[in-house]
Amino acid sequence: MNGPRIAVVGAGVLGAWTARSLQLRGARVTLVDAWGPANSRSSSGDETRIIRGAYGDQPHYVELTDRSFHLWEELGSGSSGPLLDRIGALWLFGDDSSFVTQALPHLERWHFPIEPLETTTARRRFPQINWDGVVAAYHEHRAGLLYARRAVREVVARFASAGGELRLARVQPRSATNAGRHGLVLADGSSLKADRYVFAAGPWLCELFPDWIGPWLRPTRQEVFYFGTPAGDADLTGAALPAWIDNARGSWYGIPGNEDRGFKISSNDLGAVVDPTTAERTPDAVRLQRARVHLGFRFPALAGAPLLESRVCQYENTPDRDLLIDFSPEDPNTLVIGGGSGHAFKMGPALGELVARITLGEVPPPAIFQTGRFASWPPEDPRLKAFAALQR
Ligand SMILES: Cc1cc2nc3c(=O)[nH]c(=O)nc-3n(C[C@H](O)[C@H](O)[C@H](O)COP(=O)(O)OP(=O)(O)OC[C@H]3O[C@@H](n4cnc5c(N)ncnc54)[C@H](O)[C@@H]3O)c2cc1C
C-alpha cells in the first residue's frame, strides 16, 4: 500500500472504525491507544450498548444508524461470538412522545419498523412491566444490543490482521495541537509522524485540545448497574423483553440480562464532570439507590434484587449533545471525531466511514457537526446555560 500515512489516536468505537475504514481505502494507518482498545476507562468499554433507530427529528442519525446496522451485521457474521442481538427496543413515554412521533417518517424511510402499543396489548405482551404512568409506548423491532467491548476489539483485530499497526502508547497532550508540523510525541519520548492525524479520544479530547475542543466538551460521570434476576426466570432476559428506554418517569434505560450478566439499568441524568484518567469507578450510593427504586417500580419482580456488577464511565457531552467532527482551525491535517454525548456507539461503523472519507478529502465535515455551529448561538441560549452549569 502506498496510500497516505494516517495516525488515529484512540481505539474506542470511533477510532477503531475510523482506522479500519481508512485501511480499507488504502491508507497506512497507525492506531494508538494509551490503555488499549475498549479499555475500562473508555466510554466504549462496557459490556453492552443499545442500537435503535428513533432519533426525534434528526434524520442524519437514522441514516448513520441504518448504515451502521449493516456494517455491524457484516462484522458479526465473521466473528467467533455474537456482536449484535436483535432483541428490539421498547420506548415508554408519559405525555410527550414527540421523540418517536417526529421520527416516524425517518424510520419508515430507512426501514426501521416501529409499532405503537395500545395499553391492553402492551400489558399482555410485556406483563413483566408495571405500566403505571405510561401514556404511549412503541416497540421498535429493528433494534437491540451490541456487545460493545467485544465488538470494538473485533474491529481492531480485523485491522491488525490486515496489517494495521496498533500501538499501546499515550500521546502527550501538548503535542496534539502541533501534530501537523512536528508529529506526535508519545509518553516514552518517541515521535510518531504521519501525513494526517485523526483524534478519536472521547472525553480526553478536552486535554488534547484545551482551547479548541475544551470549551465544548464536558465528560460527566455515568453509572451503570447490573442487577440479579430471580433464578430460572426467562421473562427478564432478552428472550422475552427488548432493550427499554423509559421516559415516562425520569429518563432511564436498560438491557435485560445479556449473556446472563444481569439486568442492566442506567439513567440519562448527567453526573458530575470528571477526569476520565483519574476518576475512581466506585458506584455512588445515592445513584445506586435511585436505580433500585426505579427498577423495583417498573419491573416489580426485581424489587429488592441484588446488585451483581456496576460500571462507571463517562458521557462526553457537547452543549447540544450532537457530535463533533471537524478539522483543527490551526492545522488542515488534523481532524477530531467525538462528542458522542451518550449515544454514539451504535453509529461507530458509519461514523468511521464518514471520517475516513473526510480525512481523505472526499467530503467536508457536515456543518451540523462542526465546532463553528456554536458561534451563532446567543449567550442566553438555555443549552449553553445548562452546559455551563455542569461542574466538577
Ligand atoms: C453509561 C453509558 C451508556 C451509553 N449507552 C449508549 C447506548 O446505549 N447506545 C449508544 O449508541 N451509545 C451509548 N453510549 C455512548 C457511547 O458509549 C460513546 O459515545 C462511545 O463509546 C464513545 O466512543 P469514543 O471512541 O468516542 O470514545 P472512547 O470509547 O472513550 O475512546 C477513546 C479512547 O481514546 C484513548 N485515549 C485518550 N487519550 C489518549 C491519548 N492521549 N493517547 C492515546 N490514547 C488516548 C482512550 O484510552 C480511549 O480508549 C453510552 C455511554 C455511556 C457512558
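User: In β8, which residue is the bridge partner of D85?

Analyst: This is a predicted model, in which local features need pLDDT of at least 70 and side-chain atom pairs count only at pLDDT 80 or more, while totals for chains, interfaces and linings use all residues. Residues are numbered from 1 along each chain as its sequence is written. Helices (H or I, at least four residues) and strands (E, at least two) are DSSP runs, numbered from the N terminus. Two strands pair if DSSP finds at least two bridges between them. Here the partner of D85 in β8 is L145, and that of L84 is L146. These belong to strand β4 (residues 84–85), which 2 bridges join to β8 in antiparallel fashion.

User: In what order do the strands of this open sheet lie?

Analyst: The order is β3-β8-β4, with antiparallel pairing among the 3 strands. The edge strands, β3 and β4, each pair on one side only. Between β3 and β8 there are 4 bridges, and T48 stands opposite Y147 of β8.

User: How many bridges join β1 to β2, and do the strands run parallel or antiparallel?

Analyst: 5 bridges join β1 to β2, and the two run parallel. R5, for example, has R28 in β2 as its bridge partner. A crossover is right-handed if, with the strands pointing away from the viewer, the path from the first strand over the helix to the second runs clockwise. The β-α-β crossover from β1 through α1 to β2 is right-handed. Strand β1 is also joined by 4 bridges to strand β12 (residues 196–199), again in parallel, where V9 stands opposite F199.

User: Why is β1 described as largely enclosed by the rest of the structure?

Analyst: A residue is buried if 20 or more other C-beta atoms lie within 10 Å of its own, exposed if 12 or fewer, and partly exposed in between, with C-beta atoms placed from the backbone. Strand β1 (residues 5–9) is largely enclosed because 4 of its 5 residues are buried.

User: Where is G10, and with which residues is G10 in contact?

Analyst: G10 lies in the loop between β1 and α1. G10 is buried, with 29 other C-beta atoms within 10 Å. Two residues are in contact if their C-beta atoms, placed from the backbone, lie within 7 Å. Leaving aside neighbours within four places in sequence, G10 is in contact with G15, D33, F199, A200, A201 and G202.

User: Which residues come nearest to the ligand?

Analyst: A residue is near a molecule if its C-beta atom, placed from the backbone, lies within 6 Å of it. Of the 38 residues around the ligand, G10, G12, S44, G202 and G340 come nearest. Elements giving two or more residues to this shell are α1, β2, β3, β13 (218–227) and β17 (307–317). Ala, Val, Leu, Ile, Met, Phe, Trp, Tyr, Cys and Pro count as nonpolar, Asp, Glu, Lys and Arg as charged, and the others, Gly among them, as polar. On that basis the shell divides into 18 nonpolar, 15 polar and 5 charged residues.

User: Which residues of α6 are buried, and what covers them?

Analyst: An α-helix has 3.6 residues a turn, so residues three or four places apart point the same way. In α6 the buried residues are A148, R149, A151, V152, E154, V155, V156 and F159. Their cover includes α1 (13–24), β2 (28–33), β3 (48–51), α2 (59–77), β8 (144–147) and β9 (165–168). Just after α6, G163 takes a positive phi of about 100 degrees.
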